[in-house]
Amino acid sequence: MITLRSEEELRRMRDAGRIAAIAREAGGELCKEGVTTAQIDAAIRKVIRAHGASPSFLHLYGFPASACISVNEEVIHGIPSDRVLKNGDVVKIDVGAFYKGYHGDCAASFPVGTISPDAQKLIDVTRESFFEAIRAAEKEGARLGDIGHAVQTYVEKFGYSVVREYVGHGVGQKLHEDPEVPNFGSAGRGIRLSAGMTLAIEPMINAGTHAVHTLRNKWTVVTDDGKLSSHYENTIALTEHGVEILTDPS
Ligand code: MG
């Protein structure tokens, strides 16, 4: 079931979204050589709590930390640890904040020190594919499939591939709600998008094969070929006036 949100609910989701986005940026600033992913997680948790919110991911389905922090070939669901970041790493931070009954969910990919031009390109294209999806969603009569189609056609032009097993989702009173929002698919297919929907759109884009598997820790998803993966996500609201990004730090 897809829930449509009222103006009052959107106001609350803006607050939750802003806190999640501030936490994402705070984590991004710590992506430096010598910092551990557990230190980044602790800083994120502190920022979220300082705003009177709670970390959406902590203990969700048993996840042991406040943020998913995935490095290089790790796609999503990386568990913060004593892993020390090195120059050239690409770090994906995915974080949710729960505030006054609503969740905000967002992610981004951050470079550590100097990364290769190829890695920077993957980060840039992944981020841009999100905005391609937004433009598709804003078109009159847009359908759910237009979002995935926009992401897929954009990134495949660069020779990249879209992760199939994990998708975006509705978000609101629960972190994961209907509908599923794939980053691939056919234009003109699926439900019609309408004002009041709140969605987490989150392209997960691989430099090589789209195939992924889960490590023995039962959480961390990695690329089958060990090549780099990038992630970018915002919680958005569809409104009468277009798309509003709710995970806006300002
Ligand atoms: Mg999400």
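## The second largest pocket

In this predicted model, two strands, β14 (234–239) and β15 (242–245), each supply at least two residues to the lining of the second largest pocket. That lining has 15 residues in total, and those nearest the centre of the pocket are Ala 137, Glu 138, Lys 139, Leu 193 and Thr 239.

The space in the second largest pocket comes to about 240 Å³. By type, its lining residues are six nonpolar, four polar and five charged.

## The largest pocket

The largest pocket holds about 420 Å³ of space. Its lining is made of 20 residues. Sorted by type, the lining of the largest pocket has 11 nonpolar residues, four polar ones and five charged ones.

## Glu 202

Is Glu 202 buried or exposed? Glu 202 is buried, and it has no salt bridge. The nearest side chain of opposite charge belongs to Arg 24, and it is 10 Å away. A salt bridge requires a side-chain nitrogen of Lys or Arg within 4 Å of a carboxyl oxygen of Asp or Glu.

Setting aside neighbours within four places in sequence, Glu 202 is in contact with Asp 94, Val 167, Gly 168, His 169, Asn 183, His 231, Tyr 232 and Glu 233.

## A cis peptide bond

Which two residues are joined by a cis peptide bond? They are Asp 178 and Pro 179, with omega at about 0 degrees. Pro 179 belongs to strand β8, which covers residues 177–181.

## Two residues with positive phi

Asn 72 is not a glycine, yet its phi is positive, near 60 degrees. It is located in the loop between β2 (67–71) and β3 (74–76). Asn 72 counts as buried because its relative accessibility is 17%, and the cut-off for buried is under 20%.

Lys 100 is another residue other than glycine with a positive phi, in this case about 50 degrees. The relative accessible area of Lys 100 is 55%, so Lys 100 is exposed; the cut-off for exposed is over 50%.

Definitions and conventions
Residues numbered from 1 in each chain as written. Predicted model: local features only at pLDDT ≥ 70, side-chain atom pairs only at ≥ 80, totals over all residues. Heavy atoms only, no water. 1 Å grid on protein atoms, 1.4 Å probe; cavity = no way out; pocket = protein on both sides within 12 Å on 5 of 7 lines; lining within 4 Å. Points joined across faces, edges and corners; volume = space filled by probe spheres on them. Nonpolar A, V, L, I, M, F, W, Y, C, P; charged D, E, K, R; others polar. Helix = DSSP H or I, 4+ residues; strand = E, 2+ residues; numbered from the N terminus. Buried < 20%, exposed > 50% of the residue type's maximum accessible area, 1.4 Å probe, protein only. Lys, Arg positive; Asp, Glu negative; His and termini not counted. Contact = heavy atoms within 4.5 Å.
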